[in-house]
Each structure stands twice: as structure tokens, then as C-alpha cells.
Amino acid sequence: MLRKSPDLFWFLARIFVGCVFAYAGYAKLIEPIENFRGNLTHYGVIPYALVPAIALILPWLELIFGSFLILGYAPKLSASVLGVFSLIFIGVIISSWVVAGSDMATCGCFGQGGLQLTPQQIFVLDLIDLALAVGLIRQKQFPWSLDALLRR
């Protein structure tokens with residue numbers, strides 16, 4: 001039983017990170033794209049020319065790679081992409097605090113109607129997601145995953 005504990009931990013970590021990102025992507029996709037564009041603009045550190053493309057593409061990538069991670073399909077790739085996203089989000093939050101002096105009450109990470117977290121709470125969540133994603137990338141195998149099932 002003790003041998004399976006790490007497997008169970010990393011399984012739950014995979015589900016957790018996948019759910020965070022799949023939910024974030026879905027919550028943004030069910031709302032008008034202008035909501036997310038406004039949130040991106042409010043950070044004050046993202047070049048305005050990039051905002052429309054980011055607002056269009058990012059929610060889909062979050063949903064797709066979050067879902068892949070939940071299912072355990074291409075888990076190392078999915079964890080890598082989501083880990084990079086977490087690192088970028090951490091950088092954007094720090095930049096908005098330091099450079100732009102942002103006073104945002106909510107980050108808009110889960111859409112306007114979804115889960116409302118402060119930028120400080122999202123910062124901590126992104127740190128946790130990043131740490132778990134790095135751990136997932138380092139895993140050699142992924143029991144209880146579509147990847148393991150397909151390799152049989």
C-alpha cells in the first residue's frame with residue numbers, strides 16, 4: 001500500500017492541475033470574449049496588439065491541455081504546457097504589481113461569472129500548479145491514465 005501512495009498523489013495532482021485549467025478555459029469560453037480582453041488589458045503589462053489573439057487562443061489551450069491532463073493523454077506534454085502557462089501567469093501578476101501598480105480586485109482568470117479569486121490567491125494557485133506540473137513532468141509513468149492504457 002505504501003508503494004502506491006506516490007502514484008495516488010501524482011494521480012490526484014494530475015487531476016487537480018487539469019481541472020484548474022480546464023475550468024478556467026471553459027469559464028472564459030462561455031462568456032463574451034470582450035470580458036477576457038478587458039481583463040487582459042487591465043493588467044497593464046500585456047502589449048495591446050497581443051490581447052485579441054491571447055483572448056481568442058488561451059482559453060482553448062487551457063481547456064484542451066487541462067482536459068488532456070485529466071484524462072492522462074500526453075501527460076508530460078500537457079503538464080509542460082500548463083506549467084509554462086503557470087510560469088507566465090506568475091510573471092504577469094508580478095509585473096502588474098510592480099510595473100503597473102495594478103489594483104485589480106479579481107484576476108478574471110475564471111471568467112466574470114465563475115470562481116472569483118484575488119490576484120494574490122491566483123498567484124498562490126499558480127505557484128502550486130507550477131510545482132505540481134514540474135513534478136508531473138518528472139514522473140516516469142502515469143498509472144490510471146489514458147496514456148498507460150494506450151501503451152498496453
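Guide: Let me begin with a term: a cavity is a set of grid points where a 1.4 Å probe fits but cannot get out, and its lining residues have an atom within 4 Å of a point. Please keep in mind that this is a predicted model.

Visitor: Which residues line the largest cavity?

Guide: A search of the whole structure finds 1 cavity of 30 Å³ or more, and about 50 Å³ of space lies in the largest cavity. By class, its lining has 4 nonpolar, 2 polar and 2 charged residues. The residues that line this cavity are Asp 7, Trp 10, Phe 11, Arg 14, Gln 139, Gln 141, Phe 142 and Pro 143.

Visitor: Which element gives the largest share of the lining of the largest pocket?

Guide: The largest pocket holds about 450 Å³ of space, and of the 27 residues that line it, the closest to its centre are Phe 36, Leu 40, Leu 58, Glu 62 and Phe 89. Helix H1 (4-29), H2, H3, helix H4 (75-98) and helix H5 (119-138) each give two or more residues to this lining, which by class has 22 nonpolar, 1 polar and 4 charged residues. The largest share, 6 residues, comes from H3.

Visitor: Are H4 and H5 roughly parallel or roughly antiparallel to each other?

Guide: The axes of H4 and H5 come within 8 Å and cross at roughly 150°, and the crossing is left-handed. Among the residues in contact are Phe 89, Ile 93 and Trp 97 in H4, and Phe 123, Leu 127 and Leu 130 in H5; the residues of this contact divide into 15 nonpolar, 4 polar and 4 charged. Because angles over 145 degrees count as roughly antiparallel, H4 and H5 are therefore roughly antiparallel.

Visitor: How is H2 oriented relative to H3, and which class counts describe their contact?

Guide: Helix H2 (residues 33-43) and helix H3 (residues 51-71) pack at an angle of about 120°, with their axes 9 Å apart, and that angle makes H2 oblique to H3. H2 passes H3 in a right-handed crossing, with a contact that includes Phe 36, Arg 37 and Leu 40 of H2 together with Ile 54, Leu 58 and Pro 59 of H3. The orientation asked for is thus oblique, and by class the contact of H2 with H3 has 10 nonpolar, 1 polar and 1 charged residues.

Methods
Residues are numbered from 1 along each chain as its sequence is written. This is a predicted model: local features need pLDDT of at least 70, side-chain atom pairs count only at pLDDT 80 or more; totals for chains, interfaces and linings use all residues. Side-chain values use heavy atoms; hydrogens and water are left out. Axes are lines fitted to C-alpha atoms, for helices over the stretch in contact, and angles run from 0 to 180 degrees between N-to-C directions. Helices (H or I, at least four residues) and strands (E, at least two) are DSSP runs, numbered from the N terminus. Angles under 35 degrees count as roughly parallel, over 145 as roughly antiparallel, 65 to 115 as roughly perpendicular and the rest as oblique. A crossing is left-handed if the near helix is turned anticlockwise from the far one by less than a right angle, and right-handed if clockwise. Contact means heavy atoms within 4.5 Å. Ala, Val, Leu, Ile, Met, Phe, Trp, Tyr, Cys and Pro count as nonpolar, Asp, Glu, Lys and Arg as charged, and the others, Gly among them, as polar. On a 1 Å grid over the protein atoms alone, a cavity is a set of points where a 1.4 Å probe fits but cannot get out, and a pocket is an open set with protein on both sides within 12 Å along at least five of seven lines; lining residues have an atom within 4 Å of a point. Grid points are joined across faces, edges and corners, and a volume is the space filled by probe spheres set on the points.
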